[in-house]
Amino acid sequence: MEAQHAGTPFRALLSQAILKQCDVDGDALEAALKSAEEQNVPYGKMLIKKKLLTESRFLKVLGELYRIEVVNGVDTTEMSAAFTAHIPIHFLKKHHMVPLIPADGEGVPQLVVNNPGVLEAADDLCQRLGLDTMGRVVASRSAILSAINTFYDMSRDSAEELVQDIEESGSDIIADMEETEDLLDDTSDSQIIRLVNHIISQSIKARASDIHIEPYQDSFKVRYRVDGILYDLLTPPRWIQSALVSRIKVMAKLNIAEKRLPQDGRIDVRIGEHDVDIRVSTVPTTYGERVVMRLLNKSGSLLSLSDFGMGEATFETVQRQILNPNGIILVTGPTGSGKTTSLYAIISALNSPEKNIITIEDPIEYQIKGIGQIQVNRKISLTFAKGLRSIVRQDPDVILVGEIRDHETAEIAVQSALTGHLVFSTLHTNDSASAITRLVDIGIEPFLLSSAIKAVIAQRLVRVLCPDCKERFEPDTDTLERAGINGNRTEAATFYRAVGCDSCFHTGYRGRVAIFEILEVDDYLKGVVVKSSDANVIKTEAVKRGMTTLRDDGIQKVLSGVTTIEEVLRVTHD
């Protein structure tokens with residue numbers, strides 16, 4: 001953590017302080033400190049790498065050694081970002097320091113550092129800021145980097161101002177440039193490049209999953225999808241569209257001269273501490289190319305089954321079903337309902353050295369250690385069916401097929417399940433019972449399905465009420481009747497409605513949670529499937545045997561104060 005070693009006296013002082021405060025083996029400590037000097041690596045970095053100390057423990061030692069306060073986080077609220085105009089972001093990131101200067105001019109400016117020993121850089125920063133002195137505190141690298149990115153993001157021109165600048169300048173814009181390693185580090189003066197970078201960074205900040213760039217006859221829209229709902233982000237002038245699309249195509253390494261055919265590409269960028277994989281799709285329309293960018297934040301960790309907000313009974317059912325030694329378990333729902341996320345959580349729960357798990361996906365969204373993942377590639381005829389046929393010969397215990405789209409894939413999946421493999425896959429159907437009907441429609445015999453399918457999990461995502469602004473209210477009788485909520489269930493329940501505030505971008509909602517419908521194919525339902533593949537018949541019998549429907553599971557979330565009746569009605573149907 002030191003920019004440079006202070007020599008043997010400091011090493012001796014550091015060693016004494018660590019041995020005094022921490023339970024560390026003396027020989028291992030001396031070996032690590034010596035190794036750090038030989039490799040010209042900061043002491044702290046080497047100690048953390050050798051797992052002798054955690055970062056927080058090492059910072060505490062440094063704080064006491066230098067007699068400087070150690071803080072857990074960096075609060076940037078009510079602090080001025082004016083310094084960003086003349087202090088390069090590279091300088092602060094290199095030395096891991098950030099100045100906190102009260103916006104109102106009151107109070108003492110403070111310098112947050114990761115290494116109190118970087119005196120020369122700290123003095124240089126004070127001089128550049130025109131300050132004689134600054135208080136000093138110690139914080140972790142991650143907290144400092146987060147504060148730096150926040151300040152420089154705050155100082156960026158708003159997207160509307162950038163568009164206005166472009167309109168006023170009227171200059172020709174050439175966007176044929178490669179993307180920078182970190183979008184926040186981009187110092188280019190090109191307004192289109194700044195605009196594209198700002199659109200992407202603002203969308204990630206708003207937790208958007210997609211960015212839409214849509215040309216129309218006399219207008220041009222930039223929209224983003226947050227928690228499943230599209231919102232307008234910008235309405236730039238129509239003539240900017242061509243340059244904006246060209247810049248995105250350059251970043252995605254697409255052919256900017258080809259405007260008559262659809263193209264697909266990807267962009268890997270880093271925005272602050274977020275590594276983001278952007279899938280780019282362009283299609284030609286009457287009024288120009290339409291672009292959709294799917295944002296996948298690779299910095300986020302995979303969800304586990306316990307993170308889905310399942311009820312106790314639902315969680316136990318899923319846990320029981322995924323432990324089947326063989327059979328098919330299907331996850332169904334429309335695009336964007338979280339099917340892939342659920343399957344990754346299930347596969348991660350099953351992942352162990354004793355199991356051979358192989359997947360075939362299109363695309364592979366997360367790399368999971370210990371699992372063989374195959375990417376569909378139609379250019380070389382590697383389809384789901386062809387890949388699945390090869391997987392079966394790889395002695396797998398568990399198989400994940402990204403999607404069952406045709407008779408051949410469905411047939412191989414069923415045969416695999418009947419020959420001792422546990423197969424997971426997805427289908428695009430409205431509810432769990434419809435999945436069986438769909439498979440029969442594409443040519444699978446009902447008697448084979450009744451033996452192969454163990455469970456069908458239908459799911460939807462409902463938006464979660466913002467905890468900062470949701471308010472209580474009493475729904476009217478008509479609304480309760482539409483949702484199928486009777487008087488007995490409302491007595492002990494508290495209903496909330498969405499309001500909107502700054503923390504939820506004035507939508508009233510923040511984040512999403514899944515609702516589930518699990519059809520377990522027991523011996524009785526096997527007989528029903530063989531006799532009839534009608535979805536209504538299968539669903540009616542399953543409900544009689546205790547299946548909780550999507551609507552009922554959603555209403556349970558309403559009664560728990562998690563979401564609203566309107567949200568549940570929006571994503572479910574009778």
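Biologist: How many residues of the lining of the second largest cavity are nonpolar, polar and charged?

Modeller: The lining of this cavity divides into 8 nonpolar residues, 2 polar and no charged. Ala, Val, Leu, Ile, Met, Phe, Trp, Tyr, Cys and Pro count as nonpolar, Asp, Glu, Lys and Arg as charged, and the others, Gly among them, as polar. The model is predicted: local features need pLDDT of at least 70 and side-chain atom pairs 80 or more, while totals for chains, interfaces and linings use all residues. Residues are numbered from 1 along each chain as its sequence is written, and side-chain values use heavy atoms, without hydrogens and water.

Biologist: Which residues line the second largest cavity?

Modeller: Rolling a probe the size of a water molecule over the atoms shows where empty space is left. A cavity is a set of points on a 1 Å grid over the protein atoms alone where a 1.4 Å probe fits but cannot get out; lining residues have an atom within 4 Å of a point. Here, Leu-305, Phe-308, Met-310, Val-318, Val-331, Ser-342, Ile-346, Ile-457, Gln-459 and Phe-516 line the second largest cavity. Helix H12 (339–350) and strand S16 (453–465) each give two or more residues to that lining.

Biologist: Which side chains make polar contacts with the side chain of Asp-277?

Modeller: A polar contact pairs N or O atoms within 3.5 Å, one able to donate a hydrogen and the other to accept it. The side chain of Asp-277 makes one with the side chain of Arg-266 at 2.6 Å, and another with that of Arg-279 at 2.8 Å.

Technical notes. On a 1 Å grid over the protein atoms alone, a cavity is a set of points where a 1.4 Å probe fits but cannot get out, and a pocket is an open set with protein on both sides within 12 Å along at least five of seven lines; lining residues have an atom within 4 Å of a point. Helices (H or I, at least four residues) and strands (E, at least two) are DSSP runs, numbered from the N terminus.
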